[in-house]
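Please look over the structure below.

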Amino acid sequence: MKNVKSKSATTAVKARPATVSRPKTRPKTAYSKAEIHEIFRRFSIQRPEPKGELEHVNPFTLVVAVALSAQATDAGVNKATRALFAAADTPEKMVALGEEKVREYIKTIGLYRNKAKNVIALSEKLISDFGGEVPRTREELITLPGVGRKTANVVLSMAFGHSTMAVDTHIFRIANRIGLAPGKTPDEVEEQLMRIVPDHYLYHAHHWLILHGRYCCKARKPECERCVIADICKSAEKTNEIPAPLVELPAQVI
């Protein structure tokens with residue numbers, strides 16, 4: 001630090017006020033409690049029993065399917081895993097199949113080489129650390145190779161009936177686009193959604209949001225004329241104020 005020389009003995013050097021560090025406030029939802037309740041009430045009428053669209057036959061194949069779905073579509077994963085799961089639906093069978101054969105089954109999926117390696121590694125870990133059973137806690141699930149928080153949340157919800165919020169690209173986009181739960185990271189969005197979604201809607205909430213993003217509030221161009229919450233939505237991209245008819249949609253075909 002440079003020494004400050006005063007022009008006279010009587011001139012005082014004024015100290016700069018200390019910088020106050022203020023906690024950064026997170027963006028809040030743009031909706032009132034009543035509006036959030038109404039959003040999910042409408043989703044519940046539109047899809048009373050929403051389902052994930054990844055095909056699986058047990059918790060193990062669900063873990064594998066969700067891990068494979070990173071940077072890939074559910075339809076693309078399903079096409080590859082039908083034959084894979086017919087050949088190997090347990091960790092033991094998957095290890096016996098081997099990494100090279102797993103690669104052949106999933107080669108149509110992006111990043112298939114690394115994913116095949118992870119499938120074998122997570123199968124081996126399930127056998128060595130968990131007796132071949134899929135663990136039922138998030139902390140244990142994320143120790144599996146290729147399994148992150150989103151995958152763990154999907155498994156906890158779909159396999160074990162927990163109320164979780166698996167923030168994928170659709171949910172992250174919608175939460176920020178319409179101002180429902182703004183956040184810079186999936187974890188921030190998850191935390192906010194878990195806080196604001198009414199308890200009695202929480203179990204299905206992540207599927208409602210995913211399906212809404214996949215089929216209505218699409219990434220490139222939202223189809224606002226088909227949106228049941230168009231009158232409530234506060235998105236700057238909104239092109240329609242009139243909500244679509246609130247009717248139950250046809251049953252999902254998985």
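The sections below go through these features in turn.

## Basis

This is a predicted model, in which local features need pLDDT of at least 70 and side-chain atom pairs count only at pLDDT 80 or more, while totals for chains, interfaces and linings use all residues. Residues are numbered from 1 along each chain as its sequence is written, and side-chain values use heavy atoms, with hydrogens and water left out.

## Nonpolar cores

In soluble globular proteins, nonpolar side chains tend to be buried together. A nonpolar core here is a set of buried Ala, Val, Leu, Ile, Met, Phe, Trp, Tyr and Cys residues joined through side-chain atoms within 4.5 Å. Buried means under 20% relative accessible area, exposed over 50%, and partly exposed in between (1.4 Å probe, protein chains only).

The largest nonpolar core has 33 residues. Met 94, Val 102, Leu 122, Val 134 and Leu 141 touch the most other members. Two or more residues each come from helices H2 (59-68), H3 (74-87), H4 (91-97), H5 (99-106), H6 (112-130) and H8 (149-160). H2 gives the largest share, seven residues. Helices (H or I, at least four residues) and strands (E, at least two) are DSSP runs, numbered from the N terminus.

Which residues does Leu 141 touch, not counting those up to four places away in sequence? They are Val 134, Pro 135, Val 147, Ala 152, Val 155 and Leu 156. Contact means heavy atoms within 4.5 Å. Another core, of 32 residues, lies apart from the largest one. Its members include Met 165, Trp 208, Ile 229 and Ala 244.

## Leu 193

Leu 193 sits in helix H10 (residues 186-196). Its relative accessible area is 0%, so Leu 193 is buried. Leaving aside neighbours within four places in sequence, Leu 193 contacts Met 165, Ile 171, Leu 180, Ala 181 and Leu 209. Ala 175 is 18 residues from Leu 193 along the chain, and their C-alpha atoms are separated by 8.4 Å.

## Aromatic pairs

Rings of Phe, Tyr and Trp (its six-membered ring) pair if their centres lie within 6.5 Å; planes under 30 degrees apart count as stacked, over 60 as edge-to-face and the rest as tilted. The count comes to three aromatic pairs. Phe 40 and Phe 43 have ring centres 5.9 Å apart and planes at 85°, so they are edge-to-face. Both lie in helix H1 (residues 33-46), three residues apart, about one turn of the helix. Phe 40 is buried at 0% relative accessibility, and Phe 43 is buried at 2%.

Tyr 201 and Trp 208 are also edge-to-face, because their centres are 6.0 Å apart and their planes at 65°. Both residues are buried. Ring pairs link Phe 40, Phe 43, Tyr 201 and Trp 208 into a cluster.

## Cysteines and cavity

For Cys 216, the nearest cysteine sulfur is that of Cys 227, 4.6 Å away. Cys 216 is buried, at 7% relative accessible area. Cys 227 is likewise buried, at 7% relative accessibility.

A search of the whole structure finds one cavity of 30 Å³ or more. The largest cavity has a volume of about 140 Å³. Of its 16 lining residues, the closest to the centre are Ile 178, Cys 217, Cys 224, Cys 227 and Cys 233. On a 1 Å grid over the protein atoms alone, a cavity is a set of points where a 1.4 Å probe fits but cannot get out; lining residues have an atom within 4 Å of a point. Grid points are joined across faces, edges and corners, and a volume is the space filled by probe spheres set on the points.

Technical notes: Disulfide = S-S within 2.5 Å. 1 Å grid on protein atoms, 1.4 Å probe; cavity = no way out; pocket = protein on both sides within 12 Å on 5 of 7 lines; lining within 4 Å.
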